[in-house]
Amino acid sequence: MRTPRIVVMAGSSRRDALSRRIAAACAGPLQAAGADVKLVELADYPAPLYNGDLEAESGLPPGIVELQQVLHACDGLLVVNPEYNGSITPLLKNTLDWCSRPNAADGARSGGAVYAGRAAAVIGTSPGALGGMRVLFHVRDILGYLGMQVIPQQLAIGHADNALGEDGRLRNEAQRAALDALAAALADTARRLRG
Ligand SMILES: Cc1cc2nc3c(=O)[nH]c(=O)nc-3n(C[C@H](O)[C@H](O)[C@H](O)COP(=O)(O)O)c2cc1C
């Protein structure tokens with residue numbers, strides 16, 4: 001059976017983003033679960049706010065074409081989400097929307113084909129106590145609509161500014177165990193879905 005390839009991305013490109021730090025902390029548990037991990041920084045795949053006129057005039061931004069290829073090559077996606085007013089960040093929604101658009105020059109690796117039939121998992125992060133619990137339901141819904149199989153395991157990491165130790169791992173033992181379980185379930189689901 002093939003090693004599942006998991007893309008990890010944070011919904012923020014802010015320099016000191018807590019979600020980016022937590023996303024980096026997810027690589028170890030996923031690798032321990034037998035996955036190949038690719039950490040994606042959304043800042044490396046820039047795109048303007050989606051507008052149909054822009055798309056009609058210029059097609060897909062080069063960064064989006066590149067990200068579509070990255071997503072198409074993966075078996076599973078882990079999204080680490082900051083919470084904006086109880087919901088998804090505009091950066092993440094914009095990126096997911098652009099990637100859902102077909103690219104006439106590469107129909108097989110664009111549009112819905114970059115999501116369909118792949119496993120996904122969601123984590124919330126916040127400097128507040130609730131850990132972005134509310135964003136999880138929205139992002140789950142969006143990824144499911146895109147054709148991904150979102151696993152039931154999820155994690156909301158509150159006080160995320162103090163969640164990681166010097167070793168870059170979660171300090172809290174229960175959270176570490178929950179992340180290990182999520183990573184194992186995501187790797188296993190990706191493996192079973194994509195063989
Ligand atoms: C527009 C906006 C809305 C926010 N809404 C929430 C919220 O609903 N819940 C929450 O816990 N934090 C909220 N915050 C605070 C963010 O959790 C905090 O800024 C966080 O550090 C952003 O994520 P990042 O560090 O990954 O960039 C909001 C921040 C912004 C800018």
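Before I go on, two housekeeping sentences. This is a predicted model, where local features need pLDDT of at least 70 and side-chain atom pairs count only at pLDDT 80 or more, while totals for chains, interfaces and linings use all residues. Residues are numbered from 1 along each chain as its sequence is written, and side-chain values use heavy atoms, with hydrogens and water left out.

With Gly 86, a polar backbone atom is 2.8 Å from an oxygen of the ligand. Then there's Arg 134, with a polar side-chain atom 3.3 Å from a ligand oxygen. The protein covers 68% of the 620 Å² of accessible area that the ligand has on its own. Those areas come from the Shrake-Rupley method with a 1.4 Å probe, and for residues, only the protein chains shown count as cover.

You'll find Asn 85 in the loop between β3 and α5. Is Asn 85 buried or exposed? Exposed, with a relative accessible area of 84%. The cut-offs are under 20% relative accessible area for buried, over 50% for exposed, and partly exposed in between, using a 1.4 Å probe and protein chains only. Asn 85 also has a phi near 45 degrees, a positive value in a residue other than glycine. As background, most residues other than glycine have a negative phi. His 159 has a positive phi too, near 45 degrees. That residue sits in the loop between β5 (149-157) and α7 (173-194), and His 159 is partly exposed, at 47% relative accessible area.

Now the strands. A quick word on labels: helices (H or I, at least four residues) and strands (E, at least two) are DSSP runs, numbered from the N terminus. Two strands pair if DSSP finds at least two bridges between them.

Take β3, residues 76-82. Seven of its seven residues are buried, so β3 is largely enclosed by the rest of the structure. Both faces are covered: Gly 76, Leu 78, Val 80 and Pro 82 on one side, Leu 77, Val 79 and Asn 81 on the other. What does β3 pair with in the parallel sense over seven bridges? That's β4, residues 119-125, and there Leu 78 has Ala 121 as its bridge partner.

β3 is also joined to β1 by five bridges, and those two run parallel. Ile 6 has Gly 76 as its bridge partner, and Val 7 stands opposite Leu 77. As for β1 itself, residues 5-10, five of its six residues are buried, so β1 is largely enclosed as well. β1 pairs in the parallel sense with β2 (residues 36-40) too, over five bridges, and Met 9 stands opposite Val 40 there.

Finally, the helices. In α5 (residues 90-99), the buried residues are Leu 92, Asn 94, Thr 95, Leu 96, Trp 98 and Cys 99. They pack against β1, α3 (52-58), α4 (62-72), β3 and α6 (133-145). Gln 68 is in α4, and Gln 68 is buried, with a relative accessible area of 0%. Leaving out residues up to four places away in sequence, Gln 68 has contacts (heavy atoms within 4.5 Å) that include Trp 98, Cys 99 and Arg 101.

Last one: Ala 23, in helix α1 (residues 18-25). Ala 23 is buried, at 3%. Again not counting residues up to four places away in sequence, Ala 23 touches Val 8, Ala 10, Leu 39 and Val 80. And if you want to click on a pair, the C-alpha atoms of Ala 23 and Ala 113, 90 residues apart along the chain, are separated by 24 Å.

Technical notes
Polar contact = N/O pair within 3.5 Å; in protein donor to acceptor, adjacent residues only side chain to side chain.
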